[in-house]
Amino acid sequence: MSLFTPTAFINPLKRKASALLLPMLCLWPLSGQVQAIVASPVLPAPALLSAQDSDPTTLGWMQGFPPPPEKRLSVADGSFFTFPALRYSVVHMREFLPTVNVSRGITMSQLFPKAIDKAIAEIEFTPWHSHKTMTFADSLWHNYTDGIVVLHKGKLVYEDYFGALTPKNKHAAMSVTKSFTGTLAAMLVAEGALDDTKTVAEYVPELTDSAFGDATVRQVLDMTTGLKYSEDYADPDAEIWAYSTAGNPLPKPKEYQGPVGYFEYLQQVKKQGEHGEAFAYKTINSDALGWIISRVTGKSVAELLSEKIWQRLGMEQDAYYQVDELGIPFAGGGLSAGLRDMARFGELIRNQGRWKNKQIIPAAVIADIQQGADPEAFAKAGYNSLKGWSYRNMWWVTHNNNGAFAARGVHGQTIYIDPKAEMVLVRFASHPVASNSANDATSLPAYQAVADYLMTKD
């Protein structure tokens with residue numbers, strides 16, 4: 001997700017107060033492990049608006065010429081990313097922040113063949129820790145879905161849009177971005193341009209004295225680095241605040257003397273623990289990897305994604321990245337793209353890197369992702385609801401019977417690939433709670449139910 005937090009320059013004491021007084025404000029978190037600000041034990045949490053009642057079109061955010069004061073959203077005061085306003089902002093990030101384009105080129109877009117199956121909406125499943133069934137369609141409302149696409153054997157079998165999202169515009173992918181970064185790096189490894197056994201310092205000497213210096217590229221790819229870095233938004237002293245401030249593209253206060261931009265911050269990260277011992281989901285790994293990619297190729301991640309993926313798949317739309325004040329794309333969560341284009345990428349991955357009889361991604365890259373990493377190292381991160389999973393090349397690997405794996409981002413973003421069911425499911429969402437733990441109980445069993453149903457089809 002985006003690195004600049006709207007509270008990046010708030011006094012630490014005020015930040016702590018905000019965590020208590022604004023329990024549902026998610027302070028623009030960065031990763032799937034980041035917890036939303038939780039309710040104070042003293043103050044009761046307010047009731048959340050439903051997906052229907054928080055519909056951004058109905059609420060009229062930023063509508064009018066100019067919009068009336070009560071409907072205006074701003075980066076400067078953070079109002080653009082508080083619920084329910086965030087349901088508008090995730091589809092309009094470029095209007096709030098500086099970005100760089102990911103060009104689709106000038107090729108013809110390649111549309112999916114359609115085989116719409118209305119029965120998918122009525123598929124029933126039982127959410128975790130519940131005795132009541134729910135339909136797939138109901139789960140979409142429950143999880144504040146903005147857009148959903150399901151592919152089966154490359155055909156579009158289900159598609160729907162909600163809120164501010166339409167087939168014509170783009171949505172913030174949040175930490176799904178990491179899987180694009182990881183895939184690009186894994187491609188460079190397979191092509192021999194990048195050696196994942198070498199240390200980060202061998203590629204980026206500027207990181208020699210940082211915690212990344214003696215980590216291998218593989219340890220960065222799989223997030224098994226030992227870094228002193230916390231993304232706990234309830235802690236006013238957490239490193240996330242300094243990182244957020246560094247990446248903030250808005251003018252910094254005159255008294256500011258900290259690092260400027262993502263890369264300068266990475267140079268001051270300290271080591272905590274040993275590399276290679278445990279999985280620890282920390283966004284700064286993705287930005288370090290982005291720097292490695294750029295140093296090896298001489299191109300930004302935005303340029304490389306355009307060259308290697310976007311221009312080769314016949315995407316319908318350009319995508320874009322949010323950037324820091326130095327124009328560096330946020331490789332850990334800054335991508336926004338069209339829903340169908342995300343599905344094209346998912347289908348490319350499902351087909352072992354082949355697209356229209358061309359090998360776009362080396363098959364070895366996909367095989368490496370699918371084999372996953374060490375579940376025991378993953379278990380040390382404490383994801384109790386994701387037992388048996390692992391993390392490889394910045395993809396989440398379930399190790400379930402269908403061999404499913406996924407790209408995941410806060411507020412409910414996902415590219416979920418089920419090889420056995422020959423299914424790709426892509427969802428954009430704007431759940432008021434950032435952490436995926438808030439929607440996994442209904443999302444993951446819903447995905448499995450759709451996969452089970454599709455496996456009964458010809």
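Biologist: What makes Thr57 exposed?

Modeller: Thr57 has a relative accessible area of 56%, and exposed means over 50%, with buried under 20% and partly exposed in between (1.4 Å probe, protein chains only). So Thr57 counts as exposed. Keep in mind that this is a predicted model, where local features need pLDDT of at least 70, side-chain atom pairs count only at pLDDT 80 or more, and totals for chains, interfaces and linings use all residues. Residues are numbered from 1 along each chain as its sequence is written, and side-chain values use heavy atoms, leaving out hydrogens and water.

Biologist: Which residues is Thr57 in contact with, leaving aside neighbours within four places in sequence?

Modeller: Gly163 and Ala164, where contact means heavy atoms within 4.5 Å. The backbone oxygen of Gly163 is 3.5 Å from a polar atom of the Thr57 side chain.

Biologist: Why is H15 called largely enclosed?

Modeller: Because 12 of its 15 residues are buried, H15 is largely enclosed by the rest of the structure. Tyr447 and Leu454 are among them.

Biologist: How do you know what span to expect for H15?

Modeller: The expected span is 1.5 Å times one less than the number of residues. Helix H15 (residues 440–454) reaches 21 Å from first C-alpha to last, close to the 21 Å expected.

Biologist: What makes E6 and E8 a pair?

Modeller: Two strands pair if DSSP finds at least two bridges between them. E6 and E8 have 2 bridges, in the antiparallel sense, so they pair. Ala172 stands opposite Ser336 in E8.

Notes:
Polar contact = N/O pair within 3.5 Å; in protein donor to acceptor, adjacent residues only side chain to side chain. Helix = DSSP H or I, 4+ residues; strand = E, 2+ residues; numbered from the N terminus.
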